[in-house]
Every structure is written in C-alpha cells, then in structure tokens.
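Work through the following exercises with the sequence and the structure side by side. Try each task before you read its solution.

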Amino acid sequence: MSSPSQKSLHDLSFSELADALIAGGVSPHHAKSLWRSLHREGEVSLTDKNFVTPLKRWIQESVGEGKTFFLDAPEVVDEIRSSDGLTRKFLLRLRDGQVIETVLMGYDGRHTVCVSTQAGCAMGCVFCATGQMGFVRHLRPGEIVAQVLHARRILKTIDPKKRLRNMVLMGMGEPLHNYDSVMQALGTISDVRGASIGPSKIAISTVGVVPSILRLAEEAQPYRLAVSLHGSTEEERSALVPASKRWSLEMLIDACRKYGEITGKRIFFEWTLIAGKNDSPETAKRLVELLKGIDAHVNLIPLNPTGGFAGVQSDSGHEFQRILREGGFPCTFRQRRGIDVAAGCGMLKAEKRERGVTC
Ligand code: SAH
Ligand code: SF4
C-alpha cells in the first residue's frame, strides 16, 4: 500500500514528470527517456542505456516503496481466454486490493483494449454486472494507463509485430463520471512518445453524463464518443438506466445534437437489446425519429445475462436493425468474435464473487 503522500509516476503528464525531475535536481531534458521507458517500453530499468547517471540516481532515490513515487503495476488475479484465443480478459488487482477488468480483443487483425475507469459504478444500470456492484472509487490516471501497458505487454507475447492501436472505455465504470483522471490518462496514452494510440482510435462510452458530453465538445477533445441509449422514451430508458432520471432522454439527445454541431463528429449509440423491454419495431421507429438530424451510428449489443437481472436476450435484433437502416442510420451488431470471454463489463468479477473467490 502507498502512503497518501506517495504519487504514481504513471499519474503524471509529461510536463509534470519534467517538473518532478527539476525538483530533484535533474535536467528536464531527461524526462523524454524516462517517459519512453514508462509508456513505450512499459518498464523502468536502471540498466537502461538511455538513462544518464543523474537520472538513475533520481530513480533510485525517488521511486519505490516508501519513496516519493511508485509505479502502477497491477497484479493479474485471473485471466480467461476466448475459444479462438484472440480475446483475453484480465482481472487486475490494484494497490489497495480493488479488482478491475481489462480486455484485450483481437479481430480482423486489429487489436483493441477495453479498459475500466472506476472500481464499480454509481449509475446502476439494471442489466449491468458493474452497476449491480455499486460504486467503490474512481481510478487514478495511472491505473487507467497501466491497463493499456498491460495489454501492450500481452500483445507483444502473442505477436511482437502487432501494435495496440485501438482503445475503448467500455470496461467497469462510467468514464465521464471520472472526467479529469480519464482525460489525463488519455493524454498520456495518445502521446506519440509513449503508447501512441491515435485519439481517433479511442472511444469513450458514456451512459449520458450530459454536462461532460458538452464539456468534451467545448474542449474539442479529439476522442470518439459512444452513448449508451437503450431506450426511446423516458419511461423505457429510465427503467433500464436510472441515470436517465438525472439527465433525461430529452437533455441527452439535445446534448448529442450540440456535440455533433460543435465537433462535426459522428456519435455511436449503444443499444443493449432486451426482449420485451426495448426491442419492438415501435421502439426502433421511435429511435429513428429521435436521432433524426444527428450523424449517428447505432451499435446493437446482445444482452449478456447477469445474476442481478431477470431480462433475456432479444431475438428481434435483425428486424430492429432493418428499421434503423431503412430510417437512414448505419446499424451494426457489436463484433462478437471472441467476445464469449469479454461478455459484459464487470461479469468476470461478479462471477468470481458468486463462486466465493475473494479478490
Ligand atoms: N459506463 C459506460 C461504459 C461501460 S459499459 C457506459 O455505460 O456506456 C459499456 C457498454 O456495455 C454499455 O453500452 C453498456 O450498456 C453495455 N453493457 C453493460 N452490461 C451489459 C450486459 N449485461 N449486456 C450487454 N451490454 C452490457
Ligand atoms: Fe455503469 Fe456503464 Fe454499467 Fe451503466 S452500463 S452501470 S454506466 S458501467
């Protein structure tokens, strides 16, 4: 465990790292080689030939248990692989014992990491295993960055020639409820001197935290936006997504419209199909009306069953998709290959808890 005065080196932005070196009497020019080790190589070694002696001394004096800084290196508690071996889901234990999920997905020669942004989630979506756990705490930037570094290391062992180029914030937690840490982490992850995942290859998925959607647009954040909608009327949506009582469907659609106008970017709408709840042709038609004028792509997600929700998968997905497409919207099913393991966020952790495995 770290003392409250200790800070993770992975939490720092490049300029904060340079400042930390200056404070320790080291030239900020050496921030580049340390940053490279932290975020590109994924390991800091005193034998690194790019490290000058003052930098090595600073690391020895300042980084480690009981010192000013520590490194975020979550421990792998469990791993499951998809039947095709291309998708791997990791249960990672953080320094305070909290356990989160990270998924490395591979399909069509592309690799994507799905990261968590919180331990648990405060939004309480009824069908979501993470929502059923409740909120524990926000993740620090370094804890988000460390998930990407872990996925990069694993990918290297699978195929050293492949690079991790895509990232989705669709693991445990609501990214826009942890805005500042998420933005700091994404700045680090997209930095070309580090993991260098292009901002346009990073998708933030939100349940619809309206003020933060507008903030993304006002700040011209370069990432992609996915909005989890799941309902075409206030009643339909708030039965599944309690956060809709705080930020109504009307407010959310208005914010999406503004986001589109300001940024000129397409929004991806996520829709988990649940039999009898949100899968009827009438719902699909209402959705077409609701999204009119927005540059929208609808992503249909088959429901993954969870212990705390009695709903069942819909078999009307193709009809739903047909109506959306006829209404003029691109509509696809979420890529399923290898996702037998990825399932819904929070499911591996929930499953272990049911089996009585303490993490
Ligand atoms: N909090 C964010 C991101 C994490 S959830 C959000 O809600 O968007 C990522 C996606 O997985 C969301 O679209 C969510 O609705 C969906 N999801 C969660 N649990 C699911 C389940 N059991 N079956 C299918 N989709 C699920
Ligand atoms: Fe939270 Fe997203 Fe799960 Fe809803 S679906 S409870 S917002 S993680």
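**Exercise 1. The shell around ligand 1**

Which strands each supply at least two residues of the shell around ligand 1?

Solution. Before starting, note that this is a predicted model, in which local features need pLDDT of at least 70 and side-chain atom pairs count only at pLDDT 80 or more, while totals for chains, interfaces and linings use all residues. Residues are numbered from 1 along each chain as its sequence is written, chains are lettered from A and ligands numbered from 1 in the order in which they are written, and side-chain values use heavy atoms, with hydrogens and water left out.

The strands asked for are β10 (202-206), β12 (267-273) and β13 (296-302); helices (H or I, at least four residues) and strands (E, at least two) are DSSP runs, numbered from the N terminus. A residue counts as near a molecule if one of its heavy atoms lies within 4 Å of it, and of the 22 residues around ligand 1, G173, S205, S228, H230 and N304 come nearest. The shell divides into ten nonpolar, nine polar and three charged residues, where Ala, Val, Leu, Ile, Met, Phe, Trp, Tyr, Cys and Pro count as nonpolar, Asp, Glu, Lys and Arg as charged, and the others, Gly among them, as polar.

**Exercise 2. Polar atoms and cover**

Solution. Start with the side chains: a polar atom of S228 lies 2.6 Å from an oxygen atom of ligand 1, and a polar side-chain atom of E174 lies 3.1 Å from a nitrogen atom of the ligand. Then turn to the backbone, where an N or O atom of F127 lies 3.0 Å from a nitrogen atom of ligand 1. The protein covers 96% of the 530 Å² of accessible area that ligand 1 has on its own, with areas taken from the Shrake-Rupley method with a 1.4 Å probe.

**Exercise 3. The residues around ligand 2**

List the residues around ligand 2, and sort them by class.

Solution. The residues are C121, M123, G124, C125, C128, G131, G173, E174 and V207. Sorted by class, this shell holds five nonpolar residues, three polar ones and one charged one.

**Exercise 4. The sheet**

Describe the order of the strands in the sheet, and follow some of the pairings.

Solution. Ten strands form an open sheet with mixed pairing, in the order β3-β4-β5-β6-β9-β10-β11-β12-β13-β14; two strands pair if DSSP finds at least two bridges between them. Because β3 (75-81) and β14 (331-333) stand at the edges, each with a single partner strand, one side of each is left without a neighbour in the sheet. From one strand to the next, the twist averages 20°.

Now follow the pairings. Strands β4 (residues 88-93) and β5 (residues 99-107) run antiparallel and are joined by six bridges, and R93 has V99 in β5 as its bridge partner. Strand β6 (residues 110-114) runs parallel to β9, with three bridges between them, and C114 stands opposite V168. On to β10: β9 pairs with this strand in the parallel sense, also over three bridges, and the bridge partner of L169 there is I204.

Finally, look at the side chains of β9 (residues 166-169): N166 and V168 point one way, M167 and L169 point the other way, and all are buried, a word that means under 20% relative accessible area, with exposed meaning over 50% and partly exposed in between (1.4 Å probe, protein chains only).

**Exercise 5. Contacts across the chain**

Solution. T102 is found in strand β5 and is buried, with a relative accessible area of 1%. Its side chain makes a polar contact (a pair of N or O atoms within 3.5 Å, where within protein one must be able to donate a hydrogen and the other to accept it, and residues adjacent in sequence count only if both atoms are side-chain atoms) with the side chain of Q147, at 2.8 Å. V145 lies in helix α5 (residues 141-158) and is buried, at 2%; the C-alpha atoms of V145 and H10 are separated by 6.9 Å, although these residues are 135 residues apart along the chain.

Key:
Axes are lines fitted to C-alpha atoms, for helices over the stretch in contact, and angles run from 0 to 180 degrees between N-to-C directions.
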